[in-house]
Amino acid sequence: NVICEPIRATLNQPGVKILDVGCSNGVWLDAVFARYPKAEYYGVDITEAINDGESLSRANFTFANVLEGLPYADETFDYVHQRQLFTGIPRKKWVSVIDELVRVTKPGGWIELMECDIPAYRAGPIDKMLTNAIASVIEKNGLDSRCGTNLLKYVAEFNKISRDSGIQLINVTGKVVSCPKNWNGKVGEACAKDLAQFLESMQLHLQRALNISSEAYAALIVAYLEECGRFKAFGNVHLFVSLDVSIGRDIIPVCIEIHAQNASTQ
């Protein structure tokens, strides 16, 4: 259900090519393959985690960095997906990344982006402390702690730069869905699992920022997740849909899906 509804209608057509940028171990590709087995799947990443296990989607994997350009010809894919790369794409590189995603998308194809904001809402004291520390680390490294919210700004910048070439992202609309952090059943549990994995990946940076030991950091994560459930903390998912991408005389429908956690309280 994360995939935009208009995209779903096309995924079981023979010969459809799907690309996941930043595919990691291929879990998203496998999940989509389980629903849409007729498509051809491709993944690209700077790590080869997808080769650590058996890929259900039998994706064609390429080792590459989107910041340096995708190793595919123009107009190759019907559906290009990219999510949660806010810790890897510098603020100044987002427009060029969007440009590269558009380049490899076929006329009539779709692009889907999922990103999140760091700032917390309905948050307890531990949540506020952690998210402030994370935002500080991210910003000091030239990244965007409000990437989900700012993605529309990057789209506008892309349109301005590419106007003379006739390439434009147009008709962008959106909606917001709230995601519970460690409460409200299985969805909250899944969100808590993702948060724990993210905090584990940020451990060295956050230990240094907070000046605490490994033991204290592990205890902090446990306390943080417990607090999230108690305060009923949540993150907002921002879903932005661009129905058309105009490239010269061609029109490309594009779904830009932006997951921005903790955008506002409700």
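Are W94 and Y154 buried or exposed? Both W94 and Y154 are buried.

## Overall make-up

This is a predicted model. The protein has 266 residues, and 48% of them count as buried. Its secondary structure comprises 8 helices and 8 strands.

Take the contacts between residues at least 6 apart in sequence: 70% of them join residues at least 24 apart. The exposed surface comes to about 13,000 Å². Carbon and sulfur atoms supply 53% of that area.

## Helix α3

Helix α3 covers residues 94–104. Of its 11 residues, 8 are buried, so the helix is largely enclosed by the rest of the structure. The buried positions are W94, V95, V97, I98, E100, L101, V102 and V104. The list includes a glutamate, E100.

An α-helix has 3.6 residues a turn, so residues three or four places apart point the same way.

## Aromatic pairs

The whole structure contains 7 aromatic pairs. One of them joins Y72 and F77, with ring centres 4.9 Å apart. Their planes stand at 85 degrees; angles over 60 count as edge-to-face, so this pair is edge-to-face. Y72 and F77 are both buried. Ring pairs also bring in Y42, giving a cluster of Y42, Y72 and F77.

W94 and Y154 form another pair. Here the ring centres lie 6.0 Å apart. The planes meet at 5 degrees, and under 30 degrees counts as stacked, so W94 and Y154 are a stacked pair. W94 belongs to helix α3, while Y154 sits in helix α5 (residues 147–162). The pair therefore ties together parts that are 60 residues apart in sequence. W94 is also among the buried residues of α3.

## Packing of α7 and α8

Helix α7 spans residues 203–210, and helix α8 spans residues 214–231. They pack with their axes 10 Å apart, at an angle of about 105 degrees. The range from 65 to 115 degrees counts as roughly perpendicular, so α7 is roughly perpendicular to α8.

Which residues make the contact? From α7 come Q203, L206, Q207 and L210. From α8 come S214, Y217 and L220. By class, the contact of α7 with α8 has 4 nonpolar and 3 polar residues.

Technical notes
Residues numbered from 1 in each chain as written. Predicted model: local features only at pLDDT ≥ 70, side-chain atom pairs only at ≥ 80, totals over all residues. Heavy atoms only, no water. Helix = DSSP H or I, 4+ residues; strand = E, 2+ residues; numbered from the N terminus. Buried < 20%, exposed > 50% of the residue type's maximum accessible area, 1.4 Å probe, protein only. Contact = heavy atoms within 4.5 Å. Areas by Shrake-Rupley, 256 points an atom, 1.4 Å probe, with all protein chains shown as cover. Axes fitted to C-alpha atoms, helices over the stretch in contact; angles between N-to-C directions. Parallel < 35°, antiparallel > 145°, perpendicular 65-115°, else oblique. Nonpolar A, V, L, I, M, F, W, Y, C, P; charged D, E, K, R; others polar. Phe/Tyr/Trp six-rings, centres within 6.5 Å; stacked < 30°, edge-to-face > 60°.
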